Amino acid sequence: MSTASSTRLLKLALPLVRTHGFTREALSRSVLALPAGEVHTEPLSDTAVSALFGNGDTARRTLIDAWMKDGLRHMALVPGVERHAQSSISLDSATATAKKASIRDVLRARLEYNEPVLPHLPEAFALLASPRSGIPPLDPTQAIKHTARVADEACYITGDKSLQLDWYTKRISLAAIYAASELHQLTSPHTAYAFLDSLLETSSTLKSTLSEVGLYSDYVFKSWKGIIKSSGILL
Amino acid sequence: MPKCVQTLTTVARTLPSNAYTTLHANKTLAVHSTPQDLTYAQRNMLDSALRVDQAGEIAANYIYKGQLAVLRHDKKVGHLIQEMWDQEKKHLAVMDKLQVQHNVRPTVLSEVAKVAGFSLGAVTAFMGKEAAMACTEAVETVIGEHYDDQMKELDSFQTSHPSVPLLKSVIREFRDDELDHLDIAVVNFSQRAPAHALLSSVVGGGCKVAIELCKRF
């Protein structure tokens with residue numbers, strides 16, 4: 001019961017982040033947005049917020065986490081995505097759209113999702129990077145998880161078919177690109193999209209260059225093999 | 001010649017894995033999406049199961065590749081190994097599609113699985129036809145049991161998503177294929193291999209360790 005109501009209130013608290021930031025106040029005011037009949041006249045007390053979402057900064061972390069999960073859902077709403085990870089409706093909408101959504105489209109959608117709450121994001125990331133216990137002084141795991149989730153979601157909903165080690169290289173490069181673009185967005189929101197495009201462009205150029213180098217090395221190797229064979233050194 | 005044998009053995013039945021291997025069936029929910037109503041534990045179970053299965057199929061492919069590198073010209077077992085390898089290639093193609101469908105992280109140990117599989121296949125083939133068959137027997141016994149355990153675990157899933165019954169029937173089909181390979185190995189004198197008991201327990205033990213490693217990494 002408590003889990004169901006906290007999930008519901010978290011959903012209602014998300015629009016309040018724009019005005020109140022990732023704060024306990026946003027969580028406490030979520031009850032004011034409940035439908036008629038259930039709506040409260042007063043925000044939740046601090047004790048109630050702690051009981052539902054955790055003590056102190058834990059409640060804020062819960063809110064940030066819910067906001068990030070909603071960001072993943074937002075990516076899947078881009079027209080033309082191959083799969084909708086968070087719902088079972090997938091095929092009709094995807095096949096009905098003539099143009100398939102690309103990685104670029106869904107990452108841009110994720111950056112757009114940041115825009116309304118941009119002033120509050122540095123504080124949210126700072127909170128995520130501060131460890132619960134105090135040691136070590138900076139905890140990058142949450143930031144890494146966040147970008148990895150975005151990269152994984154982008155790959156999944158656009159129908160990426162990378163296998164084995166390619167699966168990792170694709171996601172690691174996309175996570176790095178997205179992390180750089182998001183950091184760029186914090187300081188310069190308007191140029192972030194062009195920055196994302198240029199990074200994706202560089203990454204695909206690098207990939208095609210590497211595959212060409214691989215192909216060329218393969219030819220060189222095969223030529224040498226043929227030369228050695230025909231010279232009679234081996235058999 | 002070997003291809004003719006393969007055609008006879010795979011096309012005669014309607015197989016659950018055809019949902020993944022035929023072109024026309026590719027756009028249904030069962031082969032295109034993953035269940036969203038699984039619990040955290042069930043999702044983890046599905047992830048690790050598909051990760052292990054895919055890694056196992058990679059290793060199996062390389063075991064047969066290694067065996068064939070040595071026994072390619074053997075008239076008696078050469079075509080049998082080729083036939084089993086062809087089946088493993090199909091298994092891997094289906095597992096690759098399942099990994100993408102269910103958004104499962106593949107194992108980081110895929111390159112290790114390739115090297116270990118090829119070495120195991122080649123070394124046992126060097127020891128003789130019987131040893132190669134003993135290796136197949138040991139590997140397929142462990143894999144057959146592993147698929148069997150997975151089917152029991154999948155039975156506990158409370159979801160109406162059509163991909164789960166399909167996954168169960170695909171695993172059942174693959175288990176049967178692996179047990180067919182086991183029968184082929186036994187019929188071809190796997191138990192006459194030198195130090196059969198020792199070889200079986202070493203290979204079987206190695207497979208179990210590999211399964212546990214791939215579940216986690």
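Q: What makes B:Glu140 a contact partner of B:Glu178 and B:His181?
A: In this predicted model, two residues are in contact when their C-beta atoms lie within 7 Å. Leaving out residues up to four places away in sequence, B:Glu140 touches B:Glu178, B:Leu179, B:His181, B:Leu182 and B:Ala185. B:Glu140 itself lies in helix H7 of chain B.

Q: Why is B:Glu140 called buried?
A: A residue is buried if 20 or more other C-beta atoms lie within 10 Å of its own. B:Glu140 has 25 such atoms, so the residue is buried.

Q: How do you know that B:Glu88, B:Glu140, B:Glu178 and B:His181 gather at one spot?
A: UniProt, in an unreviewed entry, lists these four residues under "binding site". They span 94 residues in sequence, yet no two of their C-alpha atoms are more than 11.4 Å apart, so they gather at one spot.

Q: Is B:Glu88 buried or exposed, and what does B:Glu88 touch?
A: B:Glu88 has 24 C-beta neighbours inside 10 Å and therefore counts as buried. This residue is placed in helix H5 of chain B. Not counting residues up to four places away in sequence, B:Glu88 touches B:Glu57, B:Ala60, B:Asn61 and B:Tyr64.

Q: Why is B:Asn103 called partly exposed?
A: Buried requires 20 or more other C-beta atoms within 10 Å, and exposed requires 12 or fewer. B:Asn103 has 18, so the residue is partly exposed. B:Asn103 belongs to the loop between H5 and H6 of chain B.

Q: What makes the phi of B:Asn103 and that of A:Gln164 worth noting?
A: Most residues other than glycine have a negative phi. For B:Asn103, phi is near 50°, a positive value in a residue other than glycine. For A:Gln164, phi is likewise positive and near 50°.

Q: Why does A:Gln164 count as buried?
A: A:Gln164 has 20 other C-beta atoms within 10 Å, so the residue is buried. A:Gln164 is found in helix H10 (residues 164-187) of chain A.

Q: How do you know that the length of H10(A) is close to the expected span?
A: H10(A) has 24 residues and reaches 36 Å from its first C-alpha to its last, close to the 34 Å expected at 1.5 Å a residue.

Q: Against which helices do the buried residues of H10(A) pack?
A: The buried residues include A:Trp167, A:Leu174, A:Ile177 and A:Tyr178. The buried residues of H10(A) pack against helix H7 (103-114), helix H9 (141-157) and helix H11 (192-231) of chain A, together with H6 of chain B.

Q: What makes up the largest nonpolar core?
A: This core has 52 residues, and those with the most contacts inside it are B:Ala59, B:Ile63, B:Ile81, B:Cys135 and B:Val139. Among the helices of chain B that each supply at least two residues of this core are H4 (40-71), H5 (78-101) and H7 (129-155). H4(B) gives the most, with 14 residues.

Q: Which residues is B:Ile63 in contact with?
A: Leaving aside neighbours within four places in sequence, B:Ile63 is in contact with B:Gly117, B:Leu120, B:Gly121, B:Cys135 and B:Val139.

Q: Where is confidence lowest in chain B?
A: Confidence is lowest in helix H1 (residues 2-11) of chain B, at a mean of 42, and highest in helix H6 (residues 110-126) of chain B, at 91. Over residues 1-8 of chain B, pLDDT stays under 50. Where pLDDT is low, the predicted coordinates should not be read in detail.

Notes: Residues are numbered from 1 along each chain as its sequence is written. Chains are lettered from A and ligands numbered from 1 in the order in which they are written. This is a predicted model: local features need pLDDT of at least 70, side-chain atom pairs count only at pLDDT 80 or more; totals for chains, interfaces and linings use all residues. pLDDT is the predictor's confidence in each residue, from 0 to 100. Helices (H or I, at least four residues) and strands (E, at least two) are DSSP runs, numbered from the N terminus. A nonpolar core is a set of buried Ala, Val, Leu, Ile, Met, Phe, Trp, Tyr and Cys residues joined through C-beta atoms within 7 Å. UniProt positions are given in the numbering used here, feature names are shortened, and annotations may be inferred rather than shown by experiment. The expected span of a helix is 1.5 Å times one less than its number of residues.
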